[in-house]
Amino acid sequence: MSHSYPSHVSIVDVSPRDGLQNESTTVPTEVKQTLINDLIAAGIKKLEATSFVSPKWVPQMGDNSALLDALAPTRQTEVCYSVLVPNMRGFENAIGHRPDEIVIFGSASETFSQKNINCSIDESIERFAPVAAAAKAQGIKVRGVISCTVGCPYEGDIDPSQVAYVTKRLIEIGSEQIGIADTIGVGTPLKVQRALQAALEYADISMLSGHFHDTYGQALSNTLAALQMGVSEFDTSVAGLGGCPYAKGATGNVATEDVVYMLHGMGISTGIDLDKLVVAGERISEFLKRPNGSNVARALINKRQS
């Protein structure tokens, strides 16, 4: 069975934000700065640098301004520095730092939306509408991410029609890119393809990106299923760092190293140097005093040591 896979895939490394946001020990600004610079040195061209949420909710991101100030002198023009903003206040705090892109988020699950951001799906989109408009007025890109597109910790399976609806709403308010996220990692290839298919009612394939968690070990299979449909951008996290603080048991974004290894093995270019990527993941894993969550990184490190 032949598929025409994309010849190039864009990798968005989310480890500085999504990867670190629920670490219990405070990660110093300079460690985050080193991580970001390590990722860029490895060839990452797009990353989630931080988020402008209330430090009361996500204390780990309380140094958002300090981090962007620290990055400013060596900021690379060809790298897209994204920040997540939950509301207008977050946007106003972020704007002075001229992020290249802001990330807004809706959920395909009504219950998750209520538990995560204390409002309905429609209310959340209404809250983001002025943020998206303000960003576009300043020439800043807007990416909308949809959480729980295949499954929810409270509702179980999610109907693809919900994904279509939230896609439509996010595009209406100005999202140029739509991330289809399997927040709790319960998705399997056909479910993921159905969610993507639903989003395609309102979005072009070039607008869609995949964000898969490896909680059940399905992230690479789901990435492959998305590639088969022509998706050419994926959110990943170096060393498999992070999860979702509001989704019980949702460990593990898929490791960037594992996705890059798979893509390179398929002859798909990423512009990323895998060896340098492994160094970036090792450095942050050592700081966090935890095992590296990437199978590929562990294999390459063991091979080097043998």
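**Exercise 1. Find the handedness of the crossing of α7 and α8, then describe the contact.**

Step 1. The model is predicted: local features need pLDDT of at least 70, side-chain atom pairs count only at pLDDT 80 or more, and totals for chains, interfaces and linings use all residues. Residues are numbered from 1 along each chain as its sequence is written, and side-chain values use heavy atoms, without hydrogens or water.

Step 2. The axes of α7 (residues 160–172) and α8 (residues 189–199) cross at roughly 35 degrees and come within 7 Å. Axes are lines fitted to C-alpha atoms over the stretch in contact, with angles from 0 to 180 degrees between N-to-C directions. Helices are DSSP runs of H or I, at least four residues; strands are E runs of at least two.

Step 3. List the contact (heavy atoms within 4.5 Å). α7 gives Pro-160, Val-163, Ala-164 and Thr-167; α8 gives Arg-194, Ala-195, Ala-198 and Ala-199.

Step 4. Sort by class: 6 nonpolar, 1 polar and 1 charged. Ala, Val, Leu, Ile, Met, Phe, Trp, Tyr, Cys and Pro count as nonpolar, Asp, Glu, Lys and Arg as charged, the others, Gly among them, as polar.

**Exercise 2. State how many aromatic pairs the whole structure holds, and examine one of them.**

Step 1. The search finds 3 pairs (ring centres of Phe, Tyr or Trp, the latter by its six-membered ring, within 6.5 Å).

Step 2. Take Phe-112 and Tyr-154. Their centres are 6.3 Å apart, with 40 degrees between the planes, a tilted pair (under 30 is stacked, over 60 edge-to-face).

Step 3. Phe-112 lies in α5 and Tyr-154 in the loop between β6 (151–152) and β7 (156–157), so the pair ties together parts 42 residues apart in sequence.

Conventions
Left-handed = near helix turned anticlockwise from the far one by under 90°.
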